[in-house]
Amino acid sequence: MSKELKIILIGAGNVGFHLGKKLHEVGLEIKQVYSRKISKAKRLSKILKCEAIQKLDNISTGADLYILAVPDSAIEKVAADLSNKIPKSKLVVHTSGATPSTVLKPYFKNYGIFYPLQTFSIGREVNFENIPICIDSNLKKHRTLLERLGKLISQNVHQINDRERAILHVAAVFVNNFSNNLFTIGEKITSTENLPFDILKPLIKETVDKISQHSPSTMQTGPAKRGDEITIELHLKYLEKNFPEFIKVYQTMTQNINSKFSKNNS
Ligand SMILES: NC(=O)c1ccc[n+]([C@@H]2O[C@H](COP(=O)([O-])OP(=O)(O)OC[C@H]3O[C@@H](n4cnc5c(N)ncnc54)[C@H](OP(=O)(O)O)[C@@H]3O)[C@@H](O)[C@H]2O)c1
């Protein structure tokens, strides 16, 4: 892969920030960073030693690859606006797991995906080495180019089509977004009751560590798995009194772990 590839980053949020930093670190040139709030663009452009822009009017036509790292809901609108500023032959990709590549098709002849399957937050360092990079494009030559680009930053690069990526994204929402929300519930309960959330951290860690060697379906434990109805009733009574907002989640998870509880709680 030629390090001569010039990139423009549209979006300087969680993904734009980390992806931009990594691409810069491996020696690629990021020509410009765009964000509607110039402070966000500048925060990243300082690190990437490039120009920060807040208007697509100022975008350079001199890049080889345009990466859209904007919210899913903004991708099509930004692509439409961008298509009035740069030639339609430019290669434009987005970084979304849930959005089909074909949203870019009406606007660009060469389009694709560069989706890093990981959770990113500014302020939290990430190690790209094993992050799955899911790439795709309408042209084979660009699939090859994006694959090579992916391999510069990760050893875990996959060609994944729109359907497969959408499915992976559903699964990713369960394993990451939902499990993180469950941790948040645990934190809320412990902090409200003046108990340390830290005491649960070895349990959280072991839950995740276990599945590196076993299927999670064989590692399930807890009252729902064992069918401990008395314990479940105690938990529900406690929640009713203290955290009624979590009852539905508790019941849904319990039913999903053990279908025997479906009738009782429906
Ligand atoms: N965060 C993750 O963990 C993660 C992981 C993998 C993939 N992704 C995908 O990556 C993409 C970006 O996600 P993110 O988490 O980086 O989002 P984000 O942190 O909200 O950043 C989005 C960027 O787009 C700009 N933006 C927001 N609305 C816009 C609009 N209507 N028009 C133009 N620019 C707009 C934002 O800044 P301004 O408000 O200054 O314009 C910011 O620069 C999404 O497609 C997401 O699904 C996210």
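## Surroundings of the ligand

The shell around the ligand is made up of ten nonpolar, nine polar and four charged residues. The model is a predicted one.

There are 23 residues around the ligand, and those that come nearest are G13, R36, K37, A74 and S96. Two or more residues of the shell are supplied by each of helix 1 (14-25), helix 3 (72-83) and strand 6 (110-116).

## Helix 5

Helix 5 covers residues 162-192, 31 residues in total. From its first C-alpha to its last, helix 5 reaches 43 Å, which is close to the 45 Å expected at 1.5 Å a residue.

Helix 5 also contains a kink of about 35°, and the kink is centred on V173. Just after helix 5 comes N194, a residue with a positive phi of about 60°.

## Packing of helix 1 and helix 2

Helix 1, which contributes to the shell around the ligand, also packs with helix 2 (residues 38-48): their axes come within 10 Å and cross at roughly 15°. Because angles under 35 degrees count as roughly parallel, helix 1 is roughly parallel to helix 2. The crossing of helix 1 with helix 2 is right-handed.

## Packing of helix 8 and helix 9

Helix 8 (residues 229-242) packs with helix 9 (residues 247-257) at an angle of about 160°, and the two axes are 10 Å apart. An angle over 145 degrees counts as roughly antiparallel, and helix 8 and helix 9 are therefore roughly antiparallel to each other. Helix 8 and helix 9 make a right-handed crossing.

Technical notes
Residues are numbered from 1 along each chain as its sequence is written. This is a predicted model: local features need pLDDT of at least 70, side-chain atom pairs count only at pLDDT 80 or more; totals for chains, interfaces and linings use all residues. A residue is near a molecule or strand if its C-beta atom, placed from the backbone, lies within 6 Å of it. Helices (H or I, at least four residues) and strands (E, at least two) are DSSP runs, numbered from the N terminus. Ala, Val, Leu, Ile, Met, Phe, Trp, Tyr, Cys and Pro count as nonpolar, Asp, Glu, Lys and Arg as charged, and the others, Gly among them, as polar. The expected span of a helix is 1.5 Å times one less than its number of residues. The bend at a residue is the angle between axes fitted to the seven residues ending there and the seven starting there. Axes are lines fitted to C-alpha atoms, for helices over the stretch in contact, and angles run from 0 to 180 degrees between N-to-C directions. Angles under 35 degrees count as roughly parallel, over 145 as roughly antiparallel, 65 to 115 as roughly perpendicular and the rest as oblique. A crossing is left-handed if the near helix is turned anticlockwise from the far one by less than a right angle, and right-handed if clockwise.
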